[in-house]
Amino acid sequence: MKKLNEKEEQIMQIIWRMGKAFVREIMEELDDPQVPVTTISSLVRKLETEGWLDHEAFGKTHRYFPLISMEEYRKASVSQIKEHYFAGSTSQLLSYFLREEKTDLSEIERLLEEIKKSESK
């Protein structure tokens, strides 16, 4: 799966959160209100051409909705990070987060309990 650039990902995050959105609604949600509507419209059409979005027409305007879920993108992104930066090792990836993010021991214990419960099902 192609990695989105920063602006594309920002637009997708908005659409994932809203479910469906017109370009004007996307504009209202952006952190940088100085981005021209034509730029956002072009990015949305590019995302549609690349298979990320589709639309429903309302006269001359379109309401866009995602074809790829946030979960699918998250899964592909984390897999890519794991492969490129941690030699495909889940334990290296997790130990990195535990070390660098200074994860609280009680949170680690809670996660272990969740893993144990999911394995027993």
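Modeller: Start with the polar contact: a pair of N or O atoms within 3.5 Å, where within protein one must be able to donate a hydrogen and the other to accept it, and residues adjacent in sequence count only if both atoms are side-chain atoms. The side chains of Q10 and D31 are joined by such a contact, at 3.4 Å. This is a predicted model, so local features need pLDDT of at least 70 and side-chain atom pairs count only at pLDDT 80 or more, while totals for chains, interfaces and linings use all residues. Residues are numbered from 1 along each chain as its sequence is written, and side-chain values use heavy atoms, with hydrogens and water left out.

Biologist: Where is Q10 found, and which residues does Q10 touch?

Modeller: Q10 is in helix α1. Helices are DSSP runs of H or I, at least four residues, and strands are runs of E, at least two, numbered from the N terminus. Contact means heavy atoms within 4.5 Å. Leaving out residues up to four places away in sequence, Q10 touches L30 and D31. Q10 and L30 are 20 residues apart in sequence, and their C-alpha atoms are 7.7 Å apart.

Biologist: What span is expected for α1 at 1.5 Å a residue?

Modeller: The expected span is 1.5 Å times one less than the number of residues. Helix α1 (residues 6-18) has 13 residues, and 18 Å is expected. From first C-alpha to last, α1 reaches 18 Å, close to that value.

Biologist: Why does I14 count as buried?

Modeller: Buried means under 20% relative accessible area, exposed over 50%, and partly exposed in between, with a 1.4 Å probe and protein chains only. I14 has 3% relative accessibility, so I14 counts as buried. Beyond four places away in sequence, I14 touches I26, E29 and L30.

Biologist: What makes α1 roughly perpendicular to α3?

Modeller: Axes are lines fitted to C-alpha atoms, for helices over the stretch in contact, and angles run from 0 to 180 degrees between N-to-C directions. Under 35 degrees is roughly parallel, over 145 roughly antiparallel, 65 to 115 roughly perpendicular, and the rest oblique. The axes of α1 and α3 come within 10 Å and cross at roughly 80 degrees. That makes the two helices, α1 and α3, roughly perpendicular.

Biologist: Which residues of α1 and α3 meet?

Modeller: From α1, K7, E8, I11 and M12 meet I40, L43, V44, K46 and L47 in α3.
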